[in-house]
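Thanks for coming. I will show the model on the screen and then go through some of its elements.

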There are 2 protein chains.
Amino acid sequence: MDEPQALDALGALSQETRLRIVRLLVTAGPEGMAAGAIGEAMGATSSRLSFHLAHLEAAGLVQSRREGRSIRYSAVYDALSGLIAFLMRDCCQGHPEVCTPAVAALSACACPSPEPAA
Amino acid sequence: MDEPQALDALGALSQETRLRIVRLLVTAGPEGMAAGAIGEAMGATSSRLSFHLAHLEAAGLVQSRREGRSIRYSAVYDALSGLIAFLMRDCCQGHPEVCTPAVAALSACACPSPEPAA
DNA sequence: TCAATATCTCAAGACACATTGACATAAAAG
DNA sequence: CTTTTATGTCAATGTGTCTTGAGATATTGA
């Protein structure tokens with residue numbers, strides 16, 4: 001992820017509805033959710049929802065596929081991890097003060113623990 | 001970091017000049033840089049710079065202190081790591097697909113390696 | 001084909017944001 | 001106390017973003 005992509009992603013995430021959609025889709029897993037179900041969860045009208053989903057898709061944070069009458073949206077995990085990696089890249093320019101607490105946060109995460117570098 | 005704070009931080013970072021200022025200040029370390037030096041690096045006029053620095057400070061991403069005639073700005077590392085932790089918290093809601101590549105990115109980072117959890 | 005469902009598109013209006021230029025404030029030097 | 005240096009404030013302007021409501025498109029089933 002380079003700076004222009006990161007700016008697009010950050011811009012897309014800096015809006016309440018869109019941030020919530022992304023978090024919802026991350027928890028929804030690779031199958032994603034139909035637009036209607038997302039709209040219901042957000043309490044958003046169809047045009048408003050469509051606007052934000054299109055914005056997220058343009059930023060590369062979500063992807064869509066038609067499935068019958070509905071369209072399913074799902075998170076693009078690579079884009080999210082790429083953004084996190086971009087933000088953390090900062091900390092590697094000689095100043096671990098940012099990185100170290102992030103590592104601690106990561107350790108507290110319930111994900112499969114990182115392979116010990118050894 | 002909660003959602004409103006994260007939205008403020010993401011909004012502040014989703015602007016080219018501000019993102020560059022933050023990255024510059026992260027590399028500058030805890031001593032930070034005088035506003036004039038930042039402005040020179042950014043090629044920004046004083047009012048434009050002041051506008052963005054104020055925005056970043058309101059979002060809690062940078063802090064300032066007067067030092068003689070100049071004002072030094074420095075990164076608030078806790079805010080940055082908090083934002084990263086907030087973004088990664090998503091991945092802990094049952095779907096490690098986001099988290100795992102981020103862990104890999106972190107491992108490639110030149111920072112002091114995370115203490116093995118054991 | 002007609003109707004129903006699901007979603008998107010478009011234009012309009014309101015609001016927020018970024019930039020500029022002129023001016024104001026604060027600190028130090030002479 | 002006046003000047004110089006460093007930075008912030010303010011109003012104006014242009015641009016971008018969000019929401020709304022009406023309508024268009026695509027898919028399925030009767």
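**Strands, helices and the DNA**

In chain B, β1(B) and strand β3 (residues 70-75) pair in the antiparallel sense over two bridges. A word on terms: two strands pair if DSSP finds at least two bridges between them. Helices (H or I, at least four residues) and strands (E, at least two) are DSSP runs, numbered from the N terminus.

Now the provenance. This is a predicted model, in which local features need pLDDT of at least 70 and side-chain atom pairs count only at pLDDT 80 or more, while totals for chains, interfaces and linings use all residues. Residues are numbered from 1 along each chain as its sequence is written, and chains are lettered from A and ligands numbered from 1 in the order in which they are written.

Back to chain B. β2(B) and β3(B) make a hairpin with two residues between them. In that turn B:Gly68 has a positive phi of about 65°.

Taken together, chain B has an open sheet of three strands in the order β1-β3-β2, paired antiparallel. β1 (33-34) and β2 (62-67) of chain B are at the edges with a single partner strand each, so one side of each has no neighbour in the sheet. Helix α4 (residues 46-58) of chain B packs on this sheet and touches β2 and β3 of chain B. Contact here asks for C-beta atoms, placed from the backbone, within 7 Å. The direction of α4(B) makes about 120° with that of β2(B); axes are lines fitted to C-alpha atoms, for helices over the stretch in contact, and angles run from 0 to 180 degrees between N-to-C directions.

In chain A, strand β2 (residues 62-67) and strand β3 (residues 70-75) run antiparallel, joined by six bridges. A:Arg65 is opposite A:Arg72 in β3(A). This pair is a hairpin too, with two residues between the strands, and A:Gly68 in the turn has a positive phi of about 65°.

Next, a helix pair in chain A. The axes of helix α2 (residues 16-28) and α3(A) come within 11 Å and cross at roughly 125°. α2(A) and α3(A) are therefore oblique to each other; angles under 35 degrees count as roughly parallel, over 145 as roughly antiparallel, 65 to 115 as roughly perpendicular and the rest as oblique. From α2(A), A:Thr17, A:Arg20, A:Ile21 and A:Leu24 meet A:Ile38, A:Ala41 and A:Met42 of α3(A). That contact divides into five nonpolar residues, one polar and one charged. Ala, Val, Leu, Ile, Met, Phe, Trp, Tyr, Cys and Pro count as nonpolar, Asp, Glu, Lys and Arg as charged, and the others, Gly among them, as polar.

Last, the DNA. Which residues are closest to DNA strand C? Of the 21 that surround it, they are A:Ala35, A:Gly36, A:Ser47, A:Ser70 and B:Ser47; near means a C-beta atom, placed from the backbone, within 6 Å. α4(A) gives the most to this surface, five residues. The surface near DNA strand C has six nonpolar, twelve polar and three charged residues.

DNA strand D is surrounded by 23 residues, the closest being A:Ser47, B:Ala35, B:Gly36, B:Ser47 and B:Ser70. Here α4(B) gives the most, with six residues. Near DNA strand D there are seven nonpolar, twelve polar and four charged residues.

How values were computed: Contact = placed C-beta atoms within 7 Å.
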